[in-house]
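Morning, everyone. Have a look at the model.

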Amino acid sequence: MSTQPAHDRLVTDRRLLSTKAYGTGQHLAARQSLYQWQTPRHDLPGIVVNELAGVGGAVADVGCGNGRFVARVRAERPDLTVIPMDVSPGILGGIAGAVVADAQRLPVADGALGAVLALHMLYHVEDQEQAVEELGRVLAPNGIAIVSTNSRTDKQELESLWRQAAGDVLGIEEGPARVQLSARFTLEDAPETLGPVFSDIRTIPLPGVIEVTDAEPIVAHLASYEAWADQMGVPFPETIERARDRVNEAIEKTGAFTITCLGGILVCSGPRR
């Protein structure tokens with residue numbers, strides 16, 4: 001597995017996650033909204049629903065965030081009992097039946113679930129191995145875990161944009177890297193982390209290209225990292241504004257600002273007992 005980044009402890013800080021980062025759904029929604037401009041458009045909730053085709057009984061969405069996947073599964077599979085869970089009480093407001101829970105200690109009996117979802121959240125868990133063991137523990141023998149994350153190559157243009165903007169603000173060639181959430185659990189690393197608990201892991205790669213002709217979606221995405229602003233080593237608002245200028249310059253020159261994306265979903269079965 002790759003070496004953990006310097007920002008590791010910041011990405012797993014439970015106090016910060018449950019307050020500034022995900023105290024509400026605002027920042028998560030800003031990151032999700034960027035994908036409106038992606039080609040091809042991947043219907044992630046739809047993919048999850050399709051993968052649940054053979055599942056019955058109860059399904060837990062661990063780290064459910066603003067409930068985007070919960071709502072879709074409930075709408076299309078009313079026969080399933082969907083249990084939303086998240087470590088942050090604030091983001092759960094308005095999600096019926098939601099439970100405040102830590103992925104490392106799930107309040108679920110052994111073998112009680114037909115499926116468990118862990119979508120773009122394992123990078124926030126301090127002890128990933130323990131969390132993956134919990135995912136396997138709560139599943140029935142024929143149950144599945146559906147996990148998602150991003151590749152280490154995902155959105156490199158945004159990382160470059162941030163460092164260039166930070167460098168401009170600091171008066172140096174290139175500024176420090178921003179906090180990168182999925183760096184702790186990348187698409188490339190995920191099978192190694194999941195393998196000790198699941199005997200079969202199938203990866204669904206989700207590549208795409210985002211093109212924007214307005215800087216605002218990029219600015220909103222970068223600003224959604226406000227929770228970690230004090231740890232980025234740069235004046236945060238000034239760097240955001242300089243990034244806006246750089247995006248506008250690129251759009252004026254080439255007609256669009258382009259970002260290359262690679263995320264993925266891992267469907268895990270055969271929980272080891």
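Start with Asp 168: is it buried, partly exposed or exposed? Asp 168 is partly exposed, because its relative accessibility is 32%. The cut-offs: buried means under 20% relative accessible area, exposed means over 50%, and partly exposed lies in between, with a 1.4 Å probe and protein chains only.

Ground rules next. This is a predicted model, where local features need pLDDT of at least 70 and side-chain atom pairs count only at pLDDT 80 or more, while totals for chains, interfaces and linings use all residues. Residues are numbered from 1 along each chain as its sequence is written, and side-chain values use heavy atoms, with hydrogens and water left out.

Back to Asp 168. Its side chain meets that of Arg 246 in a salt bridge, 2.8 Å from N to O. The pair links distant parts of the chain: Asp 168 sits in helix H7, Arg 246 in helix H10 (residues 236–254), 78 residues apart. By salt bridge I mean a side-chain nitrogen of Lys or Arg within 4 Å of a carboxyl oxygen of Asp or Glu. Helices are DSSP runs of H or I, at least four residues; strands are E runs of at least two; both are numbered from the N terminus. Arg 246 is partly exposed, since its relative accessibility is 25%.

Now look along H10. Arg 242 forms a salt bridge with Asp 245, with the closest N and O atoms 3.8 Å apart. These two are three residues apart in helix H10, so about one helical turn separates them. Arg 242 is partly exposed at 22%, and Asp 245 is partly exposed at 36%. What do these residues belong to? A network of salt bridges links Asp 168, Arg 242, Asp 245, Arg 246 and Glu 249. The whole structure has 18 salt bridges.

Stay with H7, residues 156–170. How does it meet helix H9, residues 216–223? The axes come within 12 Å and cross at roughly 80 degrees. So H7 is roughly perpendicular to H9. Axes here are lines fitted to C-alpha atoms, for helices over the stretch in contact, and angles run from 0 to 180 degrees between N-to-C directions. Under 35 degrees counts as roughly parallel, over 145 as roughly antiparallel, 65 to 115 as roughly perpendicular, and the rest as oblique. Leu 158, Leu 161 and Trp 162 of H7 meet Ile 218, His 221 and Leu 222 of H9. Contact means heavy atoms within 4.5 Å.

H4 contributes Leu 44, Pro 45, Gly 46, Val 48 and Val 49, and H5 contributes Arg 68, Phe 69, Arg 72, Val 73 and Glu 76.

Two of those names pair up. Arg 72 forms a salt bridge with Glu 76, the closest N and O atoms being 2.5 Å apart. They lie four residues apart in helix H5 (residues 68–76), so about one helical turn separates them. Arg 72 is partly exposed at 25%, and Glu 76 is partly exposed at 43%.

Last stop, Ile 95. It is found in the loop between strand E3 (81–86) and strand E4 (99–100). Ile 95 is buried, with a relative accessible area of 14%. Not counting residues up to four places away in sequence, Ile 95 touches Cys 64, Gly 65, Asn 66, Gly 67, Val 70, Arg 74 and Pro 84.
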